[in-house]
Amino acid sequence: MKTVYVVPHTHWDREWYLPFQTFRLRLVELVDRVLDLMEADPGFVFTLDGQLATVDDYLELRPESEPRLRRLIAEGRLAIGPWQTLVDEFLVSGESIIRNLETGWRRAEELGRPMPIGYLPDMFGHVAQMPQILRRAGIEQAVVWRGVPAAIEHHAFLWESPDGSAVRAEYLVDGYGNAAHLFGEPDLAAAVAAFDASMRPFFGDDESLAMTGTDHMLPPLDLVERVARLNEDQERFRLELVTLADYLGRPGNGMVLTRWSGEMRSAARANLLMGVTSARIDLKAACARAERALERYAEPLSALHVPEWPGSFLRLAWSRVLENAAHDSICGCSVDAVSAQVLVRYAEAEQIATGLAERAAATIAAGVSRGGVAIVNPSPERRTDVVEFELEIPDDWDEVGLTLGDGTVVPTQETARAERLLLSTTLRGREVPAAMFRRLHGRELFGLWLNGYAVEADGTSRRLTFDVGKEPDPEWLDLSSLKQGVERAVDVAPDDEWEVRILARPRRRLAAAVAAPALGWTSVRPARATERSGGGVQIDGTSMSNGLLEVQVAGDGTLRTGSLEGVGRLVDGGDFGDSYNYGPPRTDTLVSEPEAVSIEVVAAGPIRGELAVVRSYRWPLAARPDGSSRVEETALVPVTIRVELRVGESFVRLELSVDNPCSDHRLRFHVPLPAPVETAWAEGQLGVVERGLEVEGGHGEVPLATAPARGFVAAGGVGILLDHVLEYELVEGRELALTVLRSIGLISRSANPFREDPAGPEIAIPDGQCHGPWRVGFALFPYEGSWVDAGVLAQMERYQHPFLVARGTRAEVVGEDGPASATGLELEGKGVVLSSLCRRGDWLELRLVCQQPESRTAVVRGGVLEAREADLLGRPGSSIPLDGGALRLELGPWEIRTVQLRRD
């Protein structure tokens with residue numbers, strides 16, 4: 001008799017073709033039913049989709065049911081976790097994946113016990129480092145579906161990360177709902193026989209797995225009864241109701257399993273739906289802003305420089321990020337109401353994280369005297385960055401430098417001067433006190449500090465000037481005395497006309513290249529310079545140079561730098577696809593030639609130079625409703641590329657902006673390569689993967705070599721440094737194409753030209769057309785040799801993590817100087833990347849990644865007194881001996897390492 005293991009479950013998209021709260025109505029109904037069925041019959045078991053969000057969303061409305069849940073979890077009949085939400089792996093950061101797992105695991109422990117399975121049932125492909133993430137959290141098995149390649153011919157296989165970590169992976173043959181409707185068949189015995197026969201090619205002599213459930217599906221009320229009846233009525237099959245943890249907890253049969261190494265992005269047996277990378281790029285940008293603000297600013301700077309750890313704020317911010325991590329949220333493949341909520345959650349997370357980072361910078365700046373500025377470096381190595389800030393500078397200073405803490409003076413570039421005269425009006429003397437003092441809020445006047453006033457009288461001409469500034473000078477001001485003084489002054493001529501002015505102290509916005517210690521800070525003060533500095537960024541008409549890189553703008557608006565020509569050719573084509581898959585019209589119209597080009601110098605150096613290149617194109621307004629072609633009606637669309645060079649940087653910054661009036665189209669930015677190549681390297685999710693020109697297709701989905709990159713994509717001596725996840729393609733090995741805009745109007749198109757099966761309901765999403773202002777930024781880094789030797793990772797670090805600036809607030813005391821700079825924590829090790837730095841109780845927790853194919857030694861310095869190992873869930877391990885006050889770690893290729901340490 002053959003056993004068929006039946007796993008009752010549901011796949012719960014928190015939001016998709018309906019908003020979250022609407023779907024939650026169904027969730028409460030589902031969990032109510034599950035609890036009732038489990039309490040009514042001890043034979044009923046259930047797997048609650050591997051994500052704790054389903055439990056938390058339910059308990060928020062049914063808190064009285066928590067004891068019921070706890071009891072069933074303790075009995076092992078209700079399987080929960082280990083994730084907080086079912087994360088889309090390619091569209092969030094690697095650290096976000098780890099926090100998702102940690103948050104879900106700890107919440108499951110609070111309620112009872114987590115399911116120790118890396119449940120990944122509907123992710124649109126799987127990242128290369130997932131096996132290592134799971135193993136370093138103590139999880140030895142994974143469950144997968146989409147992305148599994150044709151080379152896997154058995155339901156069980158070994159899945160290996162680049163570092164060698166491996167998990168046993170269970171391939172969900174025919175998906176997580178392969179037996180969703182099995183118990184709706186009138187002849188259950190025949191249906192089971194047909195199901196089991198369909199599983200034999202992958203299960204061989206093994207017992208088959210029937211996943212009984214699918215999207216938002218409630219379990220049948222008579223499931224236990226029908227299973228028992230079938231087992232009694234025939235002897236060919238025995239159905240056994242189990243949780244997924246029960247099924248995978250059975251002993252293995254000793255079979256040698258096929259090994260697969262790296263990411264899984266095949267469409268051999270299920271649609272990969274690769275177009276979600278370029279759908280609603282604004283969601284991907286918002287995600288990266290929130291994650292970066294948390295991972296690299298709020299947490300590290302608070303951990304090192306703020307006495308009290310803001311744990312509650314950080315948990316709230318992370319909860320917003322994790323709520324958005326599921327594919328129907330971050331992917332942009334949901335109704336517009338969902339995408340709007342996703343943007344709000346990311347905005348909330350970013351606001352909290354930015355506020356905490358600014359608070360940390362303000363804490364540092366409290367040790368810098370007024371008139372100075374604290375420059376804060378978020379990177380774990382000492383480096384230089386171009387910063388901009390506003391300072392009070394006397395009008396008679398022609399040139400301004402910055403004095404560093406060690407006395408060194410660095411040059412600046414003036415980028416703006418603040419308007420000094422904020423108000424000029426004429427009032428009768430008796431009207432002045434009431435009219436002016438009601439504008440005061442404490443000492444604040446026009447958003448600045450009120451520092452004093454001056455009275456000028458020359459015959460019949462009378463003037464009253466209020467002095468305001470960014471800093472309180474003097475620090476303390478007796479407002480009552482000031483008001484009385486003004487009243488006495490105007491009482492001399494109460495009926496005369498007075499000119500009343502609010503005059504701000506002279507302020508200039510300056511740019512400067514400043515070096516700062518690792519995860520620490522330095523201070524600067526303005527100094528009068530005697531002459532303009534030479535060198536730096538120079539602009540000559542349509543070309544710029546900073547001594548490291550020269551960029552020229554050609555007549556067609558494309559760029560040339562070194563051996564690269566034609567950089568930035570824009571190609572706009574039709575898109576009759578949907579949020580899941582790009583699909584061109586049957587007869588497409590590609591627009592790549594601008595009708596007009598203009599170039600404007602925006603900033604002329606020497607610290608930063610910028611050119612604005614505006615190219616105007618005629619784009620068709622939309623695709624025809626039948627998908628045959630694009631319409632004949634066009635719009636003249638100006639596209640601006642801001643080209644920026646900064647002193648000391650080996651890359652050129654680019655920002656594309658457009659006010660998009662068109663629908664149903666895709667815009668790509670092309671970068672020709674110096675020579676043909678076969679592969680490109682893409683950074684993301686704690687690794688760098690090599691991808692070729694062809695991908696494995698199948699299942700009715702046209703295979704496209706478009707793929708996601710998060711930190712950079714590099715090929716043939718060109719690295720493109722990214723702000724956030726973008727879709728790229730290595731086109732015929734000769735150029736890289738970045739998708740910078742994709743306008744689509746449906747969640748899923750039933751007749752998508754590049755996909756046979758619907759991926760969801762055919763519901764309109766007008767906001768998916770991305771009409772209106774649009775902006776995408778990235779940078780171009782030409783290099784020689786390999787991406788490893790050229791230091792593309794270091795350039796990515798520099799591009800993505802600008803310094804913070806905070807005005808000094810310490811009162812000056814004669815003879816007392818605060819520290820001019822301080823180091824936080826310093827990391828040495830080429831190719832070793834900081835993923836996280838936070839507090840774990842009384843310890844600092846540091847997560848490092850050797851993000852390259854060779855072993856590296858990482859050295860951590862900065863007052864380290866004690867160190868110990870930890871896993872990805874923060875559980876401490878063995879002690880690590882120190883080397884002369886430094887923490888020295890030997891990291892293997894692609895290794896993720898978490899340690900905890902104490903500092904003096």
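Trainee: How do the axes of α10 and α12 cross, and at roughly what angle?

Mentor: In this predicted model, the axes of α10 and α12 come within 8 Å and cross at roughly 150°. Angles over 145 degrees count as roughly antiparallel, and therefore α10 and α12 are roughly antiparallel to each other.

Trainee: Is the crossing left-handed or right-handed?

Mentor: The crossing in which α10 passes α12 is left-handed. On the α10 side the contact is made by Phe 313, Leu 314, Leu 316, Ala 317, Arg 320, Val 321 and Glu 323, and on the α12 side by Arg 345, Tyr 346, Glu 348, Ala 349, Ile 352 and Leu 356.

Trainee: And what does that contact have by class?

Mentor: The contact of α10 with α12 has nine nonpolar and four charged residues, with no polar ones.

Trainee: Switching to pockets, how much space lies in the largest one?

Mentor: The largest pocket holds about 1,000 Å³ of space, and of the 34 residues that line it, those closest to its centre are Thr 103, Arg 315, Trp 318, Ser 319 and Leu 322.

Trainee: Which element gives the most to that lining?

Mentor: That is α10, which supplies eight residues to the lining of the largest pocket. Elements that each supply at least two residues there include α1 (20–40), α4 (94–111), α12 (336–365) and β45 (832–840). By class, the lining of the largest pocket divides into 18 charged, eight polar and eight nonpolar residues.

Trainee: What about the second largest pocket, how big is its volume?

Mentor: Its volume is about 860 Å³, and 30 residues line the second largest pocket, with Arg 292, Asp 723, Tyr 799, Gln 800 and Pro 802 the closest to its centre. Among the elements that give two or more residues to this lining are α9 (281–305), α12 and α15 (792–800). The classes in the lining of the second largest pocket are 14 nonpolar, four polar and twelve charged residues.

Trainee: Now the cavities: how many of 30 Å³ or more does the structure hold?

Mentor: The structure holds eight cavities of 30 Å³ or more, and the largest cavity has a volume of about 280 Å³.

Trainee: Which residues lie nearest the centre of the largest cavity?

Mentor: Glu 295, Glu 683, Arg 710, Val 833 and Leu 834 lie nearest its centre, out of 20 lining residues. The elements that give two or more residues to the lining of the largest cavity are α4, α9, β34 (680–684), α15 and β45, and by class that lining has nine polar, seven charged and four nonpolar residues.

Notes: Residues are numbered from 1 along each chain as its sequence is written. This is a predicted model: local features need pLDDT of at least 70, side-chain atom pairs count only at pLDDT 80 or more; totals for chains, interfaces and linings use all residues. Side-chain values use heavy atoms; hydrogens and water are left out. On a 1 Å grid over the protein atoms alone, a cavity is a set of points where a 1.4 Å probe fits but cannot get out, and a pocket is an open set with protein on both sides within 12 Å along at least five of seven lines; lining residues have an atom within 4 Å of a point. Grid points are joined across faces, edges and corners, and a volume is the space filled by probe spheres set on the points. Helices (H or I, at least four residues) and strands (E, at least two) are DSSP runs, numbered from the N terminus. Ala, Val, Leu, Ile, Met, Phe, Trp, Tyr, Cys and Pro count as nonpolar, Asp, Glu, Lys and Arg as charged, and the others, Gly among them, as polar. Axes are lines fitted to C-alpha atoms, for helices over the stretch in contact, and angles run from 0 to 180 degrees between N-to-C directions. Angles under 35 degrees count as roughly parallel, over 145 as roughly antiparallel, 65 to 115 as roughly perpendicular and the rest as oblique. A crossing is left-handed if the near helix is turned anticlockwise from the far one by less than a right angle, and right-handed if clockwise. Contact means heavy atoms within 4.5 Å.
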